[in-house]
Amino acid sequence: MAQQVKAVIARAKGAPVEVTTIVVPDPGPGEAVVRIQACGVCHTDLHYREGGINDEFPFLLGHEAAGIVESVGEGVTEVEPGDFVVLNWRAVCGQCRACKRGRPQYCFNTHNAKQKMTLLDGTELSPALGIGAFAEKTLVAAGQCTKVDPAAEPAVAGLLGCGVMAGLGAAINTGGVGRGDSVAVIGCGGVGGAAVMGSRLAGAAKIIAVDIDDRKLETARKLGATHTVNSRTTDAVEAIRELTGGNGADVVVEAVGRPETYKQAFYARDLAGTVVLVGVPTPEMTLELPLLDVFGRGGALKSSWYGDCLPSRDFPMLIDLYLQGRLDLGAFVTETIELDAVEQAFERMHHGDVLRSVVVL
């Protein structure tokens with residue numbers, strides 16, 4: 001039987017979100033219904049509300065979540081009712097050319113649930129990133145559920161579903177940060193902060209945090225930054241070079257997604273160094289660089305989508321590190337809120353007052 005549950009939706013571009021009742025169908029083949037325990041408030045949800053992703057309103061917001069599998073459909077073997085899972089928005093297919101080459105983290109045919117959740121009048125909802133977890137329950141593809149140790153706090157575990165994984169993965173998976181490396185992170189919100197933490201976890205010797213907000217820089221220090229640069233008052237490129245013997249950093253993670261900060265990252269890296277773009281640009285943004293500089297500086301220019309993670313590999317490992325006290329994921333949880341406080345959380349996020357607000361159900 002389909003279930004009626006409370007959820008947060010965005011009906012129109014720029015309009016405040018609202019709590020309403022939605023209908024969640026029983027899981028079909030390859031699907032699962034998950035009872036949500038916690039869901040982080042991410043910038044991507046705000047982009048959906050503002051029409052920055054597409055115009056397929058109404059949206060069922062929320063995607064950075066953890067919860068308990070309630071029921072599964074035919075053919076599901078990955079999880080079973082009662083499993084504690086972190087949701088991910090890239091269920092790998094196992095059949096595309098990337099998967100067949102043994103690189104499922106780059107799967108080119110990721111998928112979501114086939115059935116639609118709806119409003120009471122039958123209007124179909126577009127779930128954010130195929131999840132829609134600002135809800136008491138949600139319907140997803142079973143492959144979007146990654147089983148992890150249930151000893152983890154849901155409010156912490158769910159953060160691996162998007163922002164924290166994106167930042168950790170940008171440093172470790174995409175950037176290949178290793179022991180003794182120098183790293184600069186430009187933009188120290190939730191994703192950039194996670195890149196700082198990931199760099200420390202990987203053994204980087206010098207981690208330079210760059211932002212225009214001293215509050216974020218102070219938080220970055222707590223997460224593992226060895227040096228901070230306020231680029232509102234200091235030339236970031238020159239500061240990074242000075243802190244790295246005049247050379248530039250081995251890896252520069254750009255967690256803002258703007259042409260001007262990308263150029264800073266490009267010129268702040270050492271020769272043969274790596275630039276990782278994990279900040280999400282908007283469609284109208286363009287980048288111009290002298291091609292000779294691209295050639296002459298060597299190295300690698302990479303983009304990192306979801307931290308190049310493979311949930312089945314990375315989520316359990318990171319949760320284990322958290323439970324061992326080696327990875328302070330709890331540092332990202334600024335506050336816990338209820339469903340009806342999402343709109344206010346967007347405001348606090350917009351003003352830089354939080355790393356993460358987390359809805360707890």
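Which residue in β6 is the bridge partner of A66? In this predicted model, the bridge partner of A66 in β6 is V86. The pair belongs to the antiparallel contact between β5 and strand β6 (residues 84-87), which comprises three bridges. Strand β5 (residues 64-72) also runs antiparallel to strand β3 (residues 31-40), and eight bridges join β3 to β5. Within that pairing, I36 has G67 of β5 as its bridge partner.

A further set of strands forms an open sheet. Five strands take part, in the order β7-β2-β1-β4-β8, and their pairing is mixed. The edge positions are held by β7 (118-119) and β8 (126-127); each has a single partner strand, so one side of each is left without a neighbour in the sheet. Strand β1 (residues 3-10) pairs with strand β4 (residues 59-60) in the antiparallel sense, over two bridges. Here I9 stands opposite L60 in β4.

Another open sheet contains six strands in the order β13-β12-β11-β14-β15-β16, with parallel pairing. At its edges stand β13 and β16 (300-303), each with a single partner strand, so one side of each is left without a neighbour in the sheet. On average, and with direction ignored, neighbouring strands of this sheet are turned by 15° against each other. Strand β12 (residues 206-211) and strand β13 (residues 227-230) run parallel and are joined by four bridges. V210 has V229 of β13 as its bridge partner, and A209 stands opposite T228 in β13.

Helix α7 (residues 236-243) lies across β11 (182-186), β12, β13 and β14 (249-254), and runs at about 165° to β12. Helix α8 (residues 259-268) lies across β11, β14, β15 (269-277) and β16, and runs at about 150° to β15.

Packing between helices was also examined. Two packed helices are described by the angle between their axes and the distance between the axes. Helix α5 (residues 190-202) packs against helix α6 (residues 214-223) at an angle of about 25°, and the axes are 9 Å apart. Angles under 35 degrees count as roughly parallel, and α5 and α6 are therefore roughly parallel to each other. Their crossing is right-handed. On the α5 side the contact is made by G193, V196, M197 and R200, and on the α6 side by A220, K222 and L223. By class, the residues of this contact of α5 with α6 are four nonpolar, one polar and two charged.

Helix α4 (residues 163-174) and helix α10 (residues 311-323) pack at an angle of about 105°, with a separation of 12 Å between their axes. An angle of 65 to 115 degrees counts as roughly perpendicular, and α4 and α10 are therefore roughly perpendicular to each other. In this contact M165, L168 and N173 of α4 meet R313, D314, F315 and L318 of α10. The contact of α4 with α10 divides into four nonpolar, one polar and two charged residues.

Note on methods. Residues are numbered from 1 along each chain as its sequence is written. This is a predicted model: local features need pLDDT of at least 70, side-chain atom pairs count only at pLDDT 80 or more; totals for chains, interfaces and linings use all residues. Side-chain values use heavy atoms; hydrogens and water are left out. Two strands pair if DSSP finds at least two bridges between them. Axes are lines fitted to C-alpha atoms, for helices over the stretch in contact, and angles run from 0 to 180 degrees between N-to-C directions. Angles under 35 degrees count as roughly parallel, over 145 as roughly antiparallel, 65 to 115 as roughly perpendicular and the rest as oblique. A crossing is left-handed if the near helix is turned anticlockwise from the far one by less than a right angle, and right-handed if clockwise. Contact means heavy atoms within 4.5 Å. Ala, Val, Leu, Ile, Met, Phe, Trp, Tyr, Cys and Pro count as nonpolar, Asp, Glu, Lys and Arg as charged, and the others, Gly among them, as polar.
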